[in-house]
Amino acid sequence: MLVRILVVLFIVVPAIELWGLIAVGKVIGGWNTVALVILIGLVGAWLAKQQGMQVLRLLQLQLSRGQMPTEALIDGALILAGGVLLLTPGFFTDLFGLVFLIPYTRMIVRHLLKRWLWSLISSGRVHILFRR
């Protein structure tokens with residue numbers, strides 16, 4: 001299972017990204033493609049910083065009120081994943097990175113992720129231990 005995931009991450013995803021860059025380069029030109037990748041990276045970095053700071057403030061507020069910041073932690077993980085995806089050059093990973101960074105789409109991904117995690121916990125495939 002792990003080998004399949006690694007093959008997809010290190011062979012299939014870069015091949016798809018390279019194909020996408022070449023295809024876009026044929027349509028809009030090579031320099032425009034490079035400029036577009038850089039522009040998406042800059043906008044993504046700004047968005048990751050802005051959203052990360054907002055989630056950090058929400059996390060601090062919830063902790064100061066004694067609340068469990070579950071959604072803020074999930075948002076933080078999604079923002080981190082979105083930032084990492086934006087570091088990878090290419091349009092497809094940038095698209096997924098932006099989906100994780102835009103608040104509205106991140107809310108949808110967070111909901112799906114919570115449902116998936118809950119199904120893993122309720123089926124017994126994941127165990128949660130509480131210690132005091």
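**Exercise 1. Find out how many aromatic pairs a search of the whole structure gives, and work out how the rings of Trp19 and Phe92 are arranged.**

Solution. A search of the whole structure, which is a predicted model, finds one aromatic pair. The ring centres of Trp19 and Phe92 lie 6.3 Å apart and their planes make an angle of 10°, so the pair is stacked; the cut-off used here is that planes under 30 degrees apart count as stacked. Finally, consider accessibility, where the cut-off for exposed is over 50%: Trp19, at 58% relative accessibility, counts as exposed, whereas Phe92, with a relative accessible area of 33%, is partly exposed.

**Exercise 2. Describe how α1 and α4 pack, using the angle and the distance between their axes.**

Solution. Two packed helices are described by the angle between their axes and by the distance between those axes. For α1 and α4 the angle is about 105° and the axes are 7 Å apart. Angles of 65 to 115 degrees count as roughly perpendicular, and α1 and α4 are therefore roughly perpendicular to each other. To see which residues make the contact, look at Val13, Ile16, Glu17, Trp19, Gly20, Leu21 and Val24 on the α1 side, which meet Phe91, Phe92 and Thr93 on the α4 side.

**Exercise 3. Determine which residues of α5 are buried, and where they lie around the helix.**

Solution. Begin with the helix itself: α5 (residues 103-123) has 21 residues and reaches 30 Å from its first C-alpha to its last, close to the 30 Å expected at 1.5 Å a residue. Its buried residues are Arg106, Val109, Arg110 and Leu120. Seen down the axis of α5, these buried residues fall within an arc of 105°, so they line one face of the helix. The face turned away from this buried side carries the exposed residues Tyr104, Arg115, Trp118 and Ser122. The buried residues of α5 pack against α2 (30-64), α3 (70-87) and α4 (91-101).

**Exercise 4. Decide whether Asp75 is buried or exposed, and name the residues that Asp75 touches.**

Solution. Asp75 is found in helix α3, and at 7% relative accessibility this residue counts as buried, the cut-off being under 20%. Leaving aside residues up to four places away in sequence, Asp75 touches Val55, Arg106 and Arg110; Arg106 and Arg110 are among the buried residues of α5.

Terms used. Residues numbered from 1 in each chain as written. Predicted model: local features only at pLDDT ≥ 70, side-chain atom pairs only at ≥ 80, totals over all residues. Heavy atoms only, no water. Helix = DSSP H or I, 4+ residues; strand = E, 2+ residues; numbered from the N terminus. Expected span 1.5 Å × (residues − 1). Buried < 20%, exposed > 50% of the residue type's maximum accessible area, 1.4 Å probe, protein only. Arc of directions from axis to C-beta. Contact = heavy atoms within 4.5 Å. Phe/Tyr/Trp six-rings, centres within 6.5 Å; stacked < 30°, edge-to-face > 60°. Axes fitted to C-alpha atoms, helices over the stretch in contact; angles between N-to-C directions. Parallel < 35°, antiparallel > 145°, perpendicular 65-115°, else oblique.
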